[in-house]
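Me: I am new to this structure and would like to learn how to read it. Could we take a few features in turn?

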Amino acid sequence: MGRFYPRLNDTVMTVKKTLQINLKTIPETGLDIAIDLGPEWFGRWREEDPGLEFADARINGQVSLSKHGPDILVRGSLSGQMELACSRCLESFAAPAAIDFDLLLVPGPPTSAAADAELSPTDLDLDYYTGESVDLESLLREQIILMMPLKPLCDENCQGLCPRCGANLSRETCTCSTDTVNSPFARLAKLKI
Ligand SMILES: [Zn+2]
Ligand SMILES: [Zn+2]
């Protein structure tokens, strides 16, 4: 972790335990919240969800909340880096990631009929809030999951792993393929042994 984001060790992060935004704290003009999510925040998430598919991340951005009657419009913009495993070679690498989102939170919980009938006529994503606060913590987690590429690649030209010996073909060559036995690379590989 430290070697992956060496600069982060210098930064002392102050992360609130949870990002619960009380609706009363949202003024009529709206509320802008600066987002700065680092190792502490992601570490807590990983403790709660060990199946999390990225090792570490650093995400910055901004979220604005505004009231529209009983509804809350949440507009956000996030960007940063996520440490992902390459889908070809399985090496971890820092992937740039970004997302912009508009969410309309309407009072919930949803009844199944209402959820089907009241589809928003706009392109806004509809979600629900309950009680007197917005759970920005889980909202951000959802958006960060959406930021993840389906097939992360450390490099477009990543050669992946040799299906026979598992060598990382982007970094080394192996002698599994007879076609390459006489190539300079294959000879080099033998020298290393
Ligand atoms: Zn790769
Ligand atoms: Zn091989």
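Reply: Start with one residue and what it touches, bearing in mind that this is a predicted model. Leaving aside residues up to four places away in sequence, Val74 touches Val63, Leu65, Leu103, Leu105 and Leu139.

Me: Which residues have the most contacts inside the largest nonpolar core?

Reply: In soluble globular proteins, nonpolar side chains tend to be buried together. Here the largest nonpolar core has 25 residues, and those with the most contacts inside it are Leu65, Ile72, Val74, Met82, Leu105 and Val134. Two or more residues each come from helix H1 (39-48), E3, E4, E5 and H3. E4 gives the most, with five residues.

Me: Where do the buried residues of H3 fall, seen down its axis?

Reply: The buried residues of H3 are Leu139, Leu140, Gln143, Ile144 and Met147. Seen down the axis of H3, they fall within an arc of 135 degrees, so they line one face of the helix. The face turned away from that buried side carries the exposed residues Ile145 and Leu146.

Me: What covers the buried residues of H3?

Reply: The cover includes strand E2 (31-37), strand E3 (56-68), strand E4 (71-85), E5 and strand E7 (133-135).

Conventions. Residues numbered from 1 in each chain as written. Chains lettered and ligands numbered in written order. Predicted model: local features only at pLDDT ≥ 70, side-chain atom pairs only at ≥ 80, totals over all residues. Buried ≥ 20, exposed ≤ 12 C-beta atoms within 10 Å, placed from the backbone. Helix = DSSP H or I, 4+ residues; strand = E, 2+ residues; numbered from the N terminus. Arc of directions from axis to C-beta. Contact = placed C-beta atoms within 7 Å. Core = buried A, V, L, I, M, F, W, Y, C linked by C-beta atoms within 7 Å.
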